[in-house]
Amino acid sequence: MIDTFKSYPGLNYKEDWKVVTMLIGMNDICDYCKNNTLFSPDNFIHYMTKALDMMMEEMPRTIVNVVQILPMKPLREVNKPSLGCHLQKRFCSCLVLPEENSAELQKLEEMNYEFQRRLEKLLHSDRFFKKDFAAVLQPYLTRAEPPRLPNGHIDLSYFTADCFHFTVKGHEELAKGLWNNMFQPEGKKEMIQTFSEPVKLICPPKEHPYIYTRPVTSMSPVSFMQELKHFSVTMSLLSVVALFNPL
């Protein structure tokens, strides 16, 4: 990814602002029961920290949106008569195969929450913040329920044939939730409860047309605003942002 940025046509790597969006960790949870050391929260945080350290070291003028892992249990209800859905029982067997209310499923739910908790702890600090770099936790998926039809069944139009990834329709809603979080300060970031209704986009207010970056930990309101103004990116700069989005 870093090499792609460096060679991207028309991008001034050192001077242009760049936005990276990361949503990762669900596959680790899917495989947790197969190897609870390799796919542990400790390992997840270890490699996430290494990745962010590398970006902070090598990528000037960069904002990293780290999207919080979503609650995965409802994915058990995503079923289509497709080969992909059948294969899901193999590549995400730790989630799909356990019986409802089983100890195995309860353990996986606990790991899901632990991944969320550890990721929040990692990002709610000053570790990944300097004058030209910030990694920001965008928490809008923390409690999000999948879209449902009026009869209560999962709306499968949001999911691809593999019953795990999102279609364009699903990505549109994820993108709107991300956009909203980017322009909301820490402590006031919107938490989506369900995707059954379309996410309503917000417009940044004229008095504060910036992406929020600075964590509020151990900072006074005055120092927070000073740092925010020092490292905020105006809306006009978004036209020159290079976007890498693996959602």
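This is a predicted model: local features need pLDDT of at least 70, side-chain atom pairs count only at pLDDT 80 or more; totals for chains, interfaces and linings use all residues.

What percentage of the 247 residues in the protein chain is buried?

Analyst: Residues are numbered from 1 along each chain as its sequence is written, and side-chain values use heavy atoms, with hydrogens and water left out.

Buried residues make up 47% of the 247. Buried means under 20% relative accessible area, exposed means over 50%, and partly exposed lies in between (1.4 Å probe, protein chains only). The chain has 8 helices and 5 strands. These are DSSP runs, numbered from the N terminus: helices are H or I with at least four residues, strands are E with at least two. Along the sequence the order is α-β-α-α-β-α-α-α-β-β-α-α-β.

Now strand S2, residues 62-67. Of its 6 residues, 6 are buried, so the strand is largely enclosed by the rest of the structure. Thr62, Val64 and Val66 point one way. Ile63, Asn65 and Val67 point the other way. In a regular strand, side chains alternate between the two faces of the sheet.

S2 has pairing partners. Two strands pair if DSSP finds at least two bridges between them. Strand S1 (residues 18-22) pairs with S2 in the parallel sense over 5 bridges. Within that pairing, Thr21 has Asn65 as its bridge partner in S2. S4 also runs parallel to S2, joined by 6 bridges. There, Ile63 stands opposite Ala134 of S4.

Follow the chain out of S2. Lys73 meets Glu109 in a salt bridge, with N to O at 3.9 Å. A salt bridge is a side-chain nitrogen of Lys or Arg within 4 Å of a carboxyl oxygen of Asp or Glu. Lys73 sits in the loop between S2 and helix H4 (83-91), and Glu109 in helix H6 (residues 103-123), so the pair ties together parts 36 residues apart in sequence. Lys73 is partly exposed at 28% relative accessible area. Glu109 is partly exposed too, at 26%.

Ala161 lies in the loop between S4 (133-138) and helix H7 (168-182). Leaving aside neighbours within four places in sequence, Ala161 contacts Lys80, Ser82, Gly84 and Cys85. Contact means heavy atoms within 4.5 Å. Ala161 is partly exposed, at 45% relative accessibility.
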